[in-house]
Amino acid sequence: MTGSAVGPSAAVPSVPSAPHAPAQKRDSLLSRILVTLAESRELTLFVLIVILVVAMTVLYPNNFPTESNISAILLNAAQNGILVTGMMLLFIAGFFDLSVGSILALSGVWAGVVVAQWGYPAPVGILVGCTVGILAGAFNGFLVTRVGINALITTLGTLAIFRGLTYVTAGTGVTPIGDEFKTYGQTDFLGLQSPFWVMLAIVVVMAWAVSRTAFFRQYYFIGGNARAAQLSGIRVARLTFTAFVLMGFLAGVAGVLGAARLNSAVVSAGIGVELSVITAAVLGGASLRGGEGSIIGGVLGVLFIALVSNAMIINGIGVFWQPIVTGTVLLLAVSLDRFRRSRRA
Amino acid sequence: MTADVSPADQLLRLEVRSCWKEFPGVQALQDVSFDVRRGEIHALLGENGAGKSTLGKVIGGVYQSDAGEVLLDGNVLGRIDEHTAARLGIAIVHQEGSLVPQLSVAENVFAGHAPKVSFGRVDRKESARRTKALMMDLGVDIAPEAPVYSLSTAQAQVVEIAKGLSHELRLLILDEPTASLTLTETARLFEILRRLSDSGVSIIYISHRLAEIFQLCDRVTVLKDGAVTGTRDVTATTQDELIRLMVGRDVLFQRGETVPPGEVVLEVEHMASSPVVEDVSFQVRAGELVCLSGLVGAGRSEACQAIFGVHRRSGGVVRLSGKEVDFGGPWDAIAAGIGMMPEDRKVAGLFLGHSVAQNIAATVLGKVSRNGVLSRQAMEDMAKRYISDLNISTPSTQQLLEKLSGGNQQKVLLAKWLAPEPRLLIVDEPTRGVDVGARAEIYRILGDLKKRGLAIVVVSSDLPEVLTLADRIVVMAYGRTVGELDGATATEEEVLRLATKTTADPTALAA
């Protein structure tokens, strides 16, 4: 009986589950909508966001739907929106990165130092900031794929190392950086500042690439079953490395934009941001097992969290309650998922 | 039920009465009865999948039998778990081992019943002393405080035995204990086992190595397809008789037709790949199906993985259509026209949470996309083609793979490897965990592929399957190719004799 897959736990449902079998049958429109809604995390989130927006508009017509409030929400969501695209890709492949906040700060600080202290033009500072992000991501990728340390430990370590490097580089930070530099973070277009537009561009490109291109589809296979992916000819190690590098680059972009927006490279930038980005990704359908999730889901997760915190500030519940609400929503979403899964099985 | 105790029964340590055990899709044990006397070393012999390990696990309380009863020293054991079994003096040394590598020898030996001092604190001195004493009894020198990960396989096995001895040991079950031991270590283990049996401990020795049984055991019970085919005194039987008992069964399937083979597609010369594969040489021609046969652990899967680029070779030459190749990874092998269906479809073959269409496309993402953009239509079309070609029964191309039956999963795996249109297909255990109907279909598909000029290598532990499929049988033992047989004329006995050749020499073990 060597190695054969028999055992009480190996029971495989041989018959496709009955409720799904007659797919052609016409259900009522309402029930079809409900089923689709329950099946897709993106749709669930989207509907929740719409409900939240409508409720807030009705309840606080003078505070919520104003141009300045909306643009503030979107601007605040820009940083996490950029980060969540990379985080989602890592989650799809079965990994994650805790060091994004530190990479973000390190990149911003390097951009600031190059421009403000060394006197280089702003584009050079941006380039250096992004390169620092790429290098930091490459270091993470190297440790995970070549040295073989798991992603949790690796990025827990580099979370501290990169933050430390930030302090070593800039002490208390760089303020102000320069007028040319700040235009990259403060230019208005259609009433919204540049970080939002950069985020939108990144989200659109990443969402398209991850859902449609053969290259990025490989990450779903890696997360689904890394060994099978390897044996199917997918270069698991190389792709994993690439995902970490991409994450580092995106954190670099977010860091540079943040520094430009404030015209200041803050050494404490991005502390704790990894947890809110991971929360958004999981809300958006990522799972620790890997193999599932979408960029759009992650971005909707970010938007949802941003809206919730905005709503709580407006109706005066107080910032202290915010994490309690976010955490509860997260656990509810995941419990719902587990419940659905167990019922289906 | 009260057992009427006759004098003969009193000598029986263990009695198994018509035991049945079913796993989903497999009748693992069918009406199995046998007994073990006091101080006897009793072998359970059978091919892979014959039910030996299952029987051992039922006796040791790891599995619960569906029907039948087990008596220990005349008392019926009800439904017992491993813990109770251990308390009753039944110990199993598993194939895969049950020690915690980070803990010390003493902690492992007394896992769960360490001697205590006040407040439930473990008496380390006492447990170290008693471990030391056990090791002395067993005649080995292993420090009680050494962490288990620092031990060799053989030493770890002795620790497992000591763990059994830490209770009042009545019955010791060993499952393929010598699979990863050297000959010297094996000889030492046998010595320990003999000493134990002399002191009255009964031993069930599970193995498929004939030579060991003649060396060590008193009696042998042979299992085949979950049923007992006979119990013999070792002194009154022969290897030939035991082999007949192991394999004598009806042939279920018709042999496929042979096609005239074409040019040589794969040539392997003295290939080595540490640690298992030492010296492997064989050839496969277009339109030919070659089976790699041998016992578990002979290095067949490892040899295939070395050809496919999963493991780097440490020596030898592999040629594909006359050209020497050295792949950096499976991607290179696939590009060169090789496909490999791995042994365990759930662990290494398929993406169970993905759809049928995605699984089939996994090896050919480039083929179903234009300018790097995936075409859902192309994926769908390809999936539909293979679903009808291979007769895969699934409600749609979007069905998640975990919802298909084993046979259909296996066919999806086959489709996944036909999609890149390889010229050489390696199939590791084509029908494991697959029902008879799907099995026949897979044989038919492999036959068709052969006719289309594919070169096929099949690794199988199922001898009737090998004899049904193979044009040529290459037999491996201990990481080496030890012989070739013609598939049309070979018998199971011949294959087994070659596969066990190295161990069949009793002097080798006595060393």
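Predicted model: local features only at pLDDT ≥ 70, side-chain atom pairs only at ≥ 80, totals over all residues.

Visitor: What makes strand 3 and strand 8 of chain B a pair?
Guide: Pairing needs at least two bridges between the strands. Strand 3 (residues 41-45) and strand 8 (residues 202-207) of chain B share 5 bridges. Therefore they count as paired. The two run parallel.

Visitor: Where do these strands sit in their sheet, and what is its order?
Guide: The order is 6-7-8-3-9-10 in chain B.

Visitor: Why are strand 6 and strand 10 of chain B said to stand at the edges?
Guide: Each has a single partner strand, so one side of each is left without a neighbour in the sheet. Strand 6 covers 90-93, and strand 10 covers 227-233. Between neighbouring strands of this sheet the average turn is 20 degrees, direction ignored.

Visitor: Which helices lie across these strands?
Guide: Helix 6 (residues 153-165) of chain B lies across strand 6 and strand 7 (171-175). Helix 6 runs at about 170 degrees to strand 6 of chain B. Helix 9 (residues 239-247) of chain B lies across strand 3, strand 9 (219-224) and strand 10. The angle of helix 9 to strand 9 of chain B is about 30 degrees.

Visitor: How do you know that strand 20 of chain B is largely enclosed?
Guide: A residue is buried if 20 or more other C-beta atoms lie within 10 Å of its own. In strand 20 (residues 455-459) of chain B, 5 of the 5 residues are buried, so the rest of the structure largely encloses it.

Visitor: What shows that both faces of strand 20 of chain B are covered?
Guide: In a regular strand, side chains alternate between the two faces of the sheet. B:Ala455, B:Val457 and B:Val459 are buried on one side. B:Ile456 and B:Val458 are buried on the other.

Visitor: Which strands does strand 20 of chain B pair with?
Guide: Its partners include strand 13 (residues 289-294) of chain B, joined by 4 bridges, and strand 19 (residues 424-428) of chain B, joined by 5 bridges. Both pairings are parallel. B:Leu292 stands opposite B:Val459. B:Val427 has B:Val458 as its bridge partner.

Visitor: Why can chain B be called compact?
Guide: With 511 residues, a compact globule would have a radius of gyration near 24 Å; chain B has 25 Å, so the two agree. Its C-alpha atoms fill a box of roughly 75 × 55 × 50 Å, taken along the principal axes. Buried residues make up 51% of chain B.

Visitor: How is chain B divided?
Guide: Domain 1 takes in 7-89 + 168-247, and domain 2 takes in 264-510. Their centres are 34 Å apart, taken over C-alpha atoms.

Visitor: Why are the buried residues of helix 7 of chain A placed on the same side?
Guide: The buried residues of helix 7 (residues 179-186) of chain A are A:Phe181, A:Tyr184 and A:Gly185. They cover an arc of only 90 degrees around the axis, so they lie on the same side of helix 7 of chain A. Their cover includes helix 4 (100-117), helix 5 (122-147), helix 8 (194-212) and helix 11 (236-262) of chain A.

Methods
Residues numbered from 1 in each chain as written. Chains lettered and ligands numbered in written order. Buried ≥ 20, exposed ≤ 12 C-beta atoms within 10 Å, placed from the backbone. Arc of directions from axis to C-beta. Contact = placed C-beta atoms within 7 Å. Axes fitted to C-alpha atoms, helices over the stretch in contact; angles between N-to-C directions. Domains from an automatic or database assignment. Rg over C-alpha atoms; globule rule 2.2 N^0.38 Å.
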